[in-house]
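Visitor: Please put the sequence and the model up. I would like to go through the contacts one by one.

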Amino acid sequence: MPLPQPKRPIKTIAVIGGGTAGWMSAAAISKSFGRKIQVQLVESEEIGLIGVGEATVPHISAFNRLLNIDEAEFVRETQGTFKLGIQFKDWGKIGDSYIHGFGTIGRDLGLMPFHQYWLKARAAGKAKDIGLYSLNTVAAPLGKFMAPPRDAPPHSPLAEIAYAYHFDATLYARFLRKRAEAQGVTRKEGKVVAVTQNSESGFVESVTLENGAAIAADLFIDCTGFRALLIEDTLQAGFEDWTHWLPCDRALAVPCEKVETPTPYTRSTARKAGWQWRIPLQHRTGNGYVYSSQFMSDSEAADVLLQSLDGRPLADPKAIRFTTGKRRKLWDKNVVAVGLAGGFIEPLESTAIFLIQSGISRLMSLFPHADFEPVLQETYNAQMQFEYERIRDFIILHYHATERSDSEFWDYVRTMPVPSSLKAYMDLFAADGQFFREGTELFGLTSWVQVMLGQGLSPRSYHPAVDWVKDDDMLSLIDHVEKVVASNVALMPRHEDFIARHCAARSV
């Protein structure tokens with residue numbers, strides 16, 4: 001068997017664009033490869049950042065561990081708060097409210113997940129709302145939070161608290177920039193005015209800045225946001241438009257004064273032509289309205305948003321236009337698109353930063369030599385296609401599984417055809433409450449179950465194996481879980497007290 005032959009390694013990487021995507025990429029690469037690879041980041045202070053992605057999913061903890069980030073320092077420096085899940089108001093129908101909580105629901109018994117027993121007990125009138133059997137969904141509206149204590153008994157709900165963060169995206173980019181520069185990343189100020197490609201291969205060789213400086217690299221990471229300067233303007237990778245399934249194409253974002261203690265959850269309130277977010281930080285509250293211009297004017301959306309704020313607005317609403325979808329290739333030749341340059345799925349389930357993280361981690365796993373073996377690019381694009389499509393389907397579910405018929409917007413999304421992959425998930429759950437996670441998709445069983453039930457999708461039955469368990473044992477389990485969850489939540493401190501004790505910002 002011939003021995004593997006050495007290949008020319010990647011020696012230089014240029015990250016084009018800053019913000020969250022750029023500095024996450026630079027920080028992760030420089031931490032992973034040390035100074036073996038020269039990393040430069042190009043950004044211009046004149047180009048504004050989107051900067052509204054202030055909520056996350058629990059996977060961000062893995063990214064923080066990679067960078068050896070101290071949680072207290074991170075939360076303090078970004079004016080952050082903690083997040084146990086998302087509260088959805090008026091989505092299934094007006095007046096409804098449920099929480100998609102991180103973590104687990106109940107406790108499985110035998111081969112069956114807890115919700116299967118709950119379905120049978122609920123049908124018999126002997127089980128309460130599904131949210132009462134999950135620590136996160138009970139603790140969140142009570143304003144309770146704590147990180148898992150080191151001395152928590154094994155298998156205690158307190159030992160398994162899953163959580164994410166809310167933070168100021170601009171401060172987060174600044175926080176990561178300090179770490180990246182300390183790890184050897186060089187920042188170049190300036191606008192890119194030209195891109196030079198190899199005349200034969202089409203690979204990007206360098207970018208030229210407004211001041212005439214040329215930045216050459218072996219590998220380019222496109223973090224230029226919706227402009228997609230390299231992946232689209234230069235390489236013309238193509239774009240898959242998903243607007244027919246996700247018709248919202250506008251957002252207005254505005255911060256307001258904090259008028260109450262920060263809640264340990266994000267709030268999403270369905271509106272006439274979209275939905276409104278509320279994200280509590282230590283120093284302010286982030287707000288926004290995601291809507292469809294086909295069904296609402298910009299001025300009406302601004303009125304709705306400003307009239308529903310908790311406190312005094314701290315700025316004029318910032319308008320953002322977007323098209324939901326993704327590049328047909330996120331990796332093309334020697335360019336990898338990360339963040340908005342690669343695609344956009346509205347922030348309903350706080351997946352934007354996760355998709356940045358996913359893109360970076362997959363690039364690390366499939367990192368090329370300087371010859372850029374095509375199979376690496378093909379594998380990367382296939383994996384990211386799967387990631388985006390499954391998140392897309394989960395977002396569509398929120399719109400499509402609804403009883404709302406009070407506006408043209410809701411009539412459209414309620415009756416529209418959906419992707420076959422989503423229809424299969426919904427049909428399977430509607431039959432007898434089953435769900436099978438496919439591959440490594442982000443959202444698992446507890447997420448899909450909570451949202452499908454919360455949106456009003458009721459299974460016609462339950463798994464037949466549930467009947468193999470005695471009713472007394474099943475009801476004992478359900479009663480036990482409710483009591484354990486309630487008793488553990490009672491032990492948790494208030495969210496604001498936990499922040500004050502561990503990670504309050506120095507100046508708010």
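**Salt bridges and sheet**

Guide: The side chains of R278 and E260 meet in a salt bridge, 3.2 Å from N to O. A salt bridge here is a side-chain nitrogen of Lys or Arg within 4 Å of a carboxyl oxygen of Asp or Glu. This is a predicted model: local features need pLDDT of at least 70, side-chain atom pairs count only at pLDDT 80 or more, and totals for chains, interfaces and linings use all residues. Residues are numbered from 1 along each chain as its sequence is written, and side-chain values use heavy atoms, with hydrogens and water left out.

Visitor: How many residues apart in sequence are the parts that R278 and E260 tie together?

Guide: R278 lies in strand 15 (residues 274–280). Helices (H or I, at least four residues) and strands (E, at least two) are DSSP runs, numbered from the N terminus. E260 sits in the loop between strand 13 (250–256) and strand 14 (266–271), so the separation is 18 residues.

Visitor: Is R278 buried or exposed?

Guide: Buried means under 20% relative accessible area, exposed over 50%, partly exposed in between (1.4 Å probe, protein chains only). R278 has a relative accessible area of 6%, so R278 is buried.

Visitor: Which class does E260 fall into, by relative accessible area?

Guide: E260 has a relative accessible area of 38%. The range between 20% and 50% is the middle class. So E260 is partly exposed.

Visitor: Which helices hold E387 and R362?

Guide: Their side chains meet in a salt bridge of 2.5 Å, N to O. E387 is buried at 2% relative accessibility, and R362 is buried at 15%. The pair ties together parts 25 residues apart in sequence, because E387 lies in helix 10 (residues 374–400) and R362 in helix 9 (residues 352–365).

Visitor: What is the order of the strands in the open sheet?

Guide: The sheet has 6 strands, and the pairing is mixed. Two strands pair if DSSP finds at least two bridges between them. Strand 7 (186–189) and strand 19 (331–332) each have a single partner strand, so they stand at the edges. The order is 7-2-1-11-20-19.

Visitor: Which residue does I13 stand opposite in strand 11?

Guide: Strand 1 (residues 12–16) and strand 11 (residues 219–222) pair in the parallel sense over 4 bridges. Opposite I13 stands L219.
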